[in-house]
Amino acid sequence: MGNTVSKPLDQLRRCSVAVDVGSARTRVHIKDAGLLVDEPSVVAVNTFSGALMAVGTSAERMDGRTPGHIRVVRPVSNGTVVDIEMAQRMLRALVGSSVRRAWRRRGAMQRAAVTIPHNADPLARSAAIETLTGVGAKQVELVDTPTAAGVGCGLPVEQPEATMILVCGATTTQIAVLSLGAIVSATTVPMGGDTIHHAVVQHLRNHHELILPSQAVRPLHLALTGAGEGQTTEVWGRDVATGTARTVCINPDDVRAAIQAPLIGLSDAIRSVLHNCPPDLVADLADRGMVLAGGSALLPGLDERLRAGTGMPVHIADQPSLSAVNGLAAMVEGQVMPLNVDVH
């Protein structure tokens, strides 16, 4: 956790903006105004002039469809800002005129709060701070994503009892056990929605010599549920050798086998986190189980797989993709009980 210091929630209540910058989406909540930005964390840039061509949804639609002089950039990876300049340009563009008016009216950018991964190193923390100060923030508070997501899910994170949350992102899953407003045990595994996507794409390439477009992968995600046994799914893509379009029939059992390794790794990581917890807290979780938050929590059948792999109850949060920003917003708005949170 580096130089983490436990500070009162009052420090967050002095903030006027809550920002959740994720690998998949960026969300901005303005105090007393609500969630005003919820867009993909994507930027399209003209490499000749350096001009910004598009951000958010418009830039995401360009991915894989641009000429050589237009580059689609994702400035956030594994929940961490990896391209500060592009992240700043993305935020400035996403924060349109209506949001800027809300910021000016409330002096929003005097203080800002932003989520970061629980295991963020000093460089990652500095990148988050520099990104926000680059768009006008005078002071930036950093809050662990699992803590924010726990609050956003309505979990009693401030109580002397265990709550377990999995923040399932695009490229990573953060697993944490919380008690008394702090993380007791946590880890991060390189498993997210994109991991499942890439495993399916690689399987089709290796075993069927077919390159799939993004939209063709989504029906195969249903293989996670175990539904449709004995049935096949028809998908289309581009032949590796000829470059022409063709279709193949896929057995869902083969897809389940292709994604088995990352799911086993996730179950093993959950057991490791529990192993590092005091026995009394593990006992709390025996009946309560874990809560899935983050956009990839809605992967079909993920909750069933984790239930089978760990023997624990598994619940999906309401609006899981908004859990972190909603929790951070609740802290900023003063809507949660007093607690000590890890503020960096």
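## Reading the strands of a predicted model

Trainee: This model is predicted. What makes β13 and β14 a pair?

Mentor: Strand β13, residues 173-179, and β14 are joined by seven bridges in the antiparallel sense. Pairing requires at least two bridges, so β13 and β14 count as paired. In β14, I183 is the bridge partner of L178.

Trainee: Which sheet holds β13 and β14?

Mentor: An open sheet of five strands, in the order β14-β13-β12-β18-β19, with mixed pairing.

Trainee: Why are β14 and β19 called edge strands?

Mentor: Because β14 (182-189) and β19 (314-316) each pair on one side only. From one strand to the next, the twist averages 20 degrees.

Trainee: What lies across this sheet, and at what angle to β12?

Mentor: Helix α11, residues 279-288, lies across β12 (163-168), β13, β14, β18 (290-293) and β19. Helix α11 runs at about 65 degrees to β12.

Trainee: How do you know that β5 and β6 pair?

Mentor: Count the bridges. Three join β5 (residues 43-46) to β6 (residues 52-55), and the strands run antiparallel. The cut-off is at least two, so β5 and β6 pair. A44 has A54 in β6 as its bridge partner. Their hairpin has five residues between the strands, and G50 takes a positive phi near 80 degrees.

Trainee: Where is confidence lowest, and where highest?

Mentor: Lowest in strand β1 (residues 5-8), at a mean pLDDT of 42, and highest in β18, at 97. Over residues 1-7 the pLDDT is below 50. The protein averages 86, and 87% of the residues score at least 70.

Key
Residues are numbered from 1 along each chain as its sequence is written. This is a predicted model: local features need pLDDT of at least 70, side-chain atom pairs count only at pLDDT 80 or more; totals for chains, interfaces and linings use all residues. Side-chain values use heavy atoms; hydrogens and water are left out. Helices (H or I, at least four residues) and strands (E, at least two) are DSSP runs, numbered from the N terminus. Axes are lines fitted to C-alpha atoms, for helices over the stretch in contact, and angles run from 0 to 180 degrees between N-to-C directions. Contact means heavy atoms within 4.5 Å. pLDDT is the predictor's confidence in each residue, from 0 to 100.
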